[in-house]
Amino acid sequence: MNFEFLIALRYIFALRKQSFIAVISLFAVCGVALGVAALIVVIGVMNGFTKDLRDKILGVNAHVIVSAFTGGIHDHQALAEICRQVPGVTGVTPFVYSEVMLSASGGVKGVVLRGIEPSTADQVLSLTKDMVSGSVKNLEEMDGMPGVVIGAEMAKRLGLGVGATVNLLSPTGTQSAVGFTPKVSVFKVAGIFRTGMYEYDATLGYVTVGAARNLLGFKQDIVSGLEVRLADVYKADEVSEALRAKLHDFPVYVRNWQEMNANLFAALELEKTAMFIILAMIVLVGSFSIVTMLVMLVMQKTKDIAVLMSLGADEGMIRRIFMYQGSFIGAVGTALGYGIGIPVALLLKKYQFIKLPSDVYPVDYLPVRLELLDMTLIGVAALALCFLSTLYPARRAAALKPSDALRYE
């Protein structure tokens with residue numbers, strides 16, 4: 001153990017004899033610990049919220065969507081085969097998209113209707129995993145009628161269960177002598193799903209591609225587009241460019257999940273950065289207490305400093321004594337912060353005892369995700385603030401003149 005660190009430790013453990021400075025030191029440790037713990041929990045929640053929201057969005061929506069500029073895609077099977085040849089693509093399924101009205105004995109509700117192909121939908125969507133009752137396999141036919149899968153919130157609002165009969169009203173009707181008549185088709189509720197996102201659970205419905213074509217009055221074998229799933233969601237830009245190059249001869253355009261949700265995830269990232277800066281202020285308050293404690297200690301130890309310098313200690317040694325002391329207090333506070341923050345975050349993650357209203361937030365619980373990079377940055381930021389707080393008192397201590405300190409001794 002070097003000379004400067006040894007003296008610093010002796011000063012720290014002798015603080016109990018100076019009660020006022022000891023109390024300030026305790027406040028400094030508590031301030032740093034609370035700041036670090038708050039940062040760990042809040043940043044963990046922000047990471048969990050972002051990941052959970054992304055997973056839910058990508059469970060209902062594809063990583064990449066290929067759509068026609070006008071009308072629909074006619075030869076979608078050949079186009080899907082081309083997409084499957086692109087490296088990084090793990091699944092392709094066609095879809096038909098429209099907005100319709102669903103009527104039942106419980107009332108009427110607007111529905112975002114998506115026609116899917118049950119045989120290939122599992123390659124792209126998480127619908128099967130989200131089912132709480134019924135089965136996607138019954139979409140083809142249920143009791144002699146086409147099936148429809150609806151969200152749990154919609155089923156709750158309309159009082160529907162598996163096997164219930166509903167009517168879907170298409171906006172593309174027919175013109176007759178008495179005016180415009182919407183097209184109505186009868187469906188059986190084949191299943192109910194729950195994604196955990198209120199918007200999807202309250203407005204989304206699935207039927208087969210064929211049933212959607214019949215309801216919407218499509219005369220040909222066309223679809224609205226293709227949904228593509230990737231092996232790595234973070235390579236969406238690269239795969240999108242490869243798909244555009246492959247499909248440049250077709251009248252289609254390609255969009256990925258990052259482009260379609262850029263504003264949402266940019267806002268979440270900005271909010272995470274803002275919360276980091278705001279909560280770092282708690283650590284900064286703790287570091288101010290370190291400044292106060294060290295300044296008072298320098299005033300009390302003036303004679304000791306003068307004796308050390310008269311015995312041969314230079315300014316650098318004196319400076320390092322107080323820098324080590326403040327840094328040690330900051331390290332203790334940071335370690336305590338980890339000891340408080342990580343267990344609290346893990347308890348939140350395991351038991352999810354904080355529930356959120358699902359009709360207000362995209363998720364119905366408080367998700368937590370601890371990432372090594374964030375944990376490291378929090379520790380580095382806390383230690384850096386504590387180290388910076390030692391510079392002024394250490395410089396003042398090193399600037400003392402032995403002759404002035406010992407003149408009246």
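**Close-up views of helix packing and salt bridges**

**View A. Helix H1 against helix H13.** The axes of helix H1 (residues 3-13) and helix H13 (residues 315-351) come within 8 Å and cross at roughly 50 degrees. That angle makes H1 oblique to H13. The crossing of H1 past H13 is right-handed. On the H1 side, the contact is made by Phe3, Glu4, Phe5, Ile7, Ala8, Leu9, Tyr11 and Ile12. On the H13 side, the contact is made by Met317, Arg320, Ile321, Phe322, Tyr324, Gln325 and Phe328. By class, the residues in this contact of H1 with H13 comprise 12 nonpolar, one polar and two charged. The model shown in this and the following views is predicted.

**View B. Helix H13 against helix H14.** Helix H13 also packs with helix H14 (residues 372-388), at an angle of about 150 degrees and with the two axes 8 Å apart. An angle over 145 degrees counts as roughly antiparallel, and H13 and H14 are therefore roughly antiparallel to each other. H13 passes H14 in a right-handed crossing. From H13, the residues that meet H14 are Met323, Ser327, Gly330, Ala331, Thr334 and Tyr338. Their partners in H14 are Met375, Thr376, Ile378, Gly379, Ala382, Leu383, Cys386 and Phe387. The contact of H13 with H14 contains nine nonpolar and five polar residues, and no charged ones.

View C. The side chains of Asp52 and Lys56 form a salt bridge, with an N to O distance of 3.8 Å. Both residues belong to helix H2 (residues 19-60); because Asp52 and Lys56 are four residues apart in this helix, about one helical turn separates them. Asp52 and Lys56 are both buried.

**View D. The salt-bridge network of Lys51, Arg54 and Asp55.** Lys51, Arg54 and Asp55 are linked in a network of salt bridges. Within this group, the side chains of Asp55 and Arg54 meet at 3.3 Å, N to O. The relative accessible area of Arg54 is 13%, so Arg54 is buried. Asp55, in contrast, has a relative accessibility of 34% and therefore counts as partly exposed.

**View E. The Arg213–Asp221 salt bridge.** Arg213 and Asp221 form a salt bridge in which the closest N and O atoms are 2.4 Å apart. With 14% relative accessibility, Arg213 counts as buried. Asp221 is partly exposed, its relative accessible area being 44%. For the model as a whole, the count comes to 11 salt bridges; the pairs Asp52 with Lys56, Asp55 with Arg54 and Arg213 with Asp221 are shown in these views.

**View F. Gly71 and its spatial relation to Ile222.** Gly71 lies in the loop between strand S1 (64-68) and helix H3 (76-84). The relative accessible area of Gly71 is 77%, so this glycine is exposed. Although Gly71 and Ile222 are 151 residues apart in sequence, their C-alpha atoms are 8.7 Å apart in space.

Terms used. Residues numbered from 1 in each chain as written. Predicted model: local features only at pLDDT ≥ 70, side-chain atom pairs only at ≥ 80, totals over all residues. Heavy atoms only, no water. Axes fitted to C-alpha atoms, helices over the stretch in contact; angles between N-to-C directions. Helix = DSSP H or I, 4+ residues; strand = E, 2+ residues; numbered from the N terminus. Parallel < 35°, antiparallel > 145°, perpendicular 65-115°, else oblique. Left-handed = near helix turned anticlockwise from the far one by under 90°. Contact = heavy atoms within 4.5 Å. Nonpolar A, V, L, I, M, F, W, Y, C, P; charged D, E, K, R; others polar. Buried < 20%, exposed > 50% of the residue type's maximum accessible area, 1.4 Å probe, protein only. Salt bridge = Lys/Arg side-chain N within 4 Å of Asp/Glu carboxyl O.
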